[in-house]
Amino acid sequence: QVQLVESGGGLVQAGGSLTLSCVASERTFSNYAMGWFRQAPGKEREFVAAISWTGVRTYYLDFVKGRFTISRDNAKNTVYLQMNSLKPEDTAIYYCAASRYGNSGLESSSKYAYWGQGTRVSVSS
């Protein structure tokens with residue numbers, strides 16, 4: 001069992017920045033691909049970004065490309081989502097997730113066996 005805890009959400013003005021963190025309670029953290037998903041009010045959960053076991057491969061939702069950066073520090077069992085130039089459309093609860101088996105199909109929530117409880121991001125105009 002892998003436990004994930006997100007942090008770093010908050011309220012920010014449009015154009016501002018936030019960095020989300022997700023800490024995993026697992027000493028074999030480097031064996032997991034990691035992803036970020038988000039769910040806005042009245043909408044379904046959507047893929048935001050993912051990163052491979054070693055961090056060499058990354059994947060992004062088109063809407064956040066050039067603004068968001070996913071990274072990981074395996075020595076700290078932590079994955080990050082740096083969010084710049086935030087827009088009101090980015091307002092959502094952001095969830096961290098872990099996938100043990102491979103680096104393909106990471107845009108699908110079905111690839112992830114473990115999920116955090118989420119951290120709220122609110123962007124005002």
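This note goes through the cores, the disulfide, the aromatic pairs and a few individual residues of a predicted model.

1. **Main core.** The largest nonpolar core has 29 residues. Those with the most contacts inside it are Leu4, Met34, Trp36, Val79, Leu81, Met83 and Tyr94. Several strands supply two or more residues each: β3 (18-24), β4 (33-39), β5 (46-51), β7 (68-73), β8 (78-83), β9 (92-99) and β11 (119-124). In soluble globular proteins, nonpolar side chains tend to be buried together.

2. **Tyrosine 94.** Which residues does tyrosine 94 contact, leaving aside neighbours within four places in sequence? They are Glu6, Leu20, Trp36, Phe37, Arg38, Val48, Phe68, Leu81, Met83, Gly118, Thr119 and Val121.

3. **Second core.** A separate core of seven residues is also present. Its members include Ala33, Phe37, Phe47 and Ala97.

4. **Disulfide.** The structure holds one disulfide. Cysteine 22 and cysteine 96 form it, with their sulfur atoms 2.1 Å apart. Cysteine 22 sits in strand β3 and cysteine 96 in strand β9, so the bond ties together parts that are 74 residues apart in sequence. The angle about the S-S bond is -80°, and the link is left-handed. Both cysteine 22 and cysteine 96 are buried.

5. **Aromatic pairs.** The count of aromatic pairs comes to five. In one of them, phenylalanine 37 and tryptophan 115 have ring centres 5.1 Å apart. Their planes meet at 55°, so this pair is tilted: edge-to-face needs an angle over 60 degrees. Phenylalanine 37 belongs to strand β4 and tryptophan 115 to strand β10 (residues 114-115), so the pair ties together parts that are 78 residues apart in sequence. Phenylalanine 37 is buried, at 1% relative accessibility. Tryptophan 115, at 26%, is partly exposed.

6. Tyrosine 112 counts as buried, at 6% relative accessibility. Ring pairs link Phe37, Phe47, Tyr112 and Trp115 into a cluster. Phe37 and Phe47 are also members of the second core.

7. **Strand β1.** Which residues of strand β1 (residues 4-7) lie on the covered face, and which on the uncovered one? Leu4 and Glu6 are on the covered face, while Val5 and Ser7 are on the uncovered face. In a regular strand the side chains alternate between the two faces of the sheet. Strands β1 and β3 run antiparallel and are joined by four bridges. Valine 5 stands opposite valine 23 in β3.

8. **Positive phi.** Most residues other than glycine have a negative phi. Asparagine 77 has a positive phi of about 55°. Asparagine 77 lies in the loop between β7 and β8 and is buried, at 17% relative accessibility. Serine 85 also has a positive phi, near 50°. Its place is in the loop between β8 and β9. Serine 85 is partly exposed, with a relative accessible area of 41%.

9. **Threonine 78.** Threonine 78 lies in strand β8. At 6% relative accessibility, threonine 78 is buried. A polar atom of its side chain lies 2.8 Å from the backbone oxygen of lysine 76. Not counting residues up to four places away in sequence, threonine 78 touches Ser21, Cys22, Val23, Phe29, Arg72 and Asp73. One of these, Cys22, is a partner in the disulfide.

How values were computed:
Residues numbered from 1 in each chain as written. Predicted model: local features only at pLDDT ≥ 70, side-chain atom pairs only at ≥ 80, totals over all residues. Heavy atoms only, no water. Core = buried A, V, L, I, M, F, W, Y, C linked by side-chain atoms within 4.5 Å. Buried < 20%, exposed > 50% of the residue type's maximum accessible area, 1.4 Å probe, protein only. Contact = heavy atoms within 4.5 Å. Polar contact = N/O pair within 3.5 Å; in protein donor to acceptor, adjacent residues only side chain to side chain. Pairing = 2+ DSSP bridges. Disulfide = S-S within 2.5 Å. Phe/Tyr/Trp six-rings, centres within 6.5 Å; stacked < 30°, edge-to-face > 60°.
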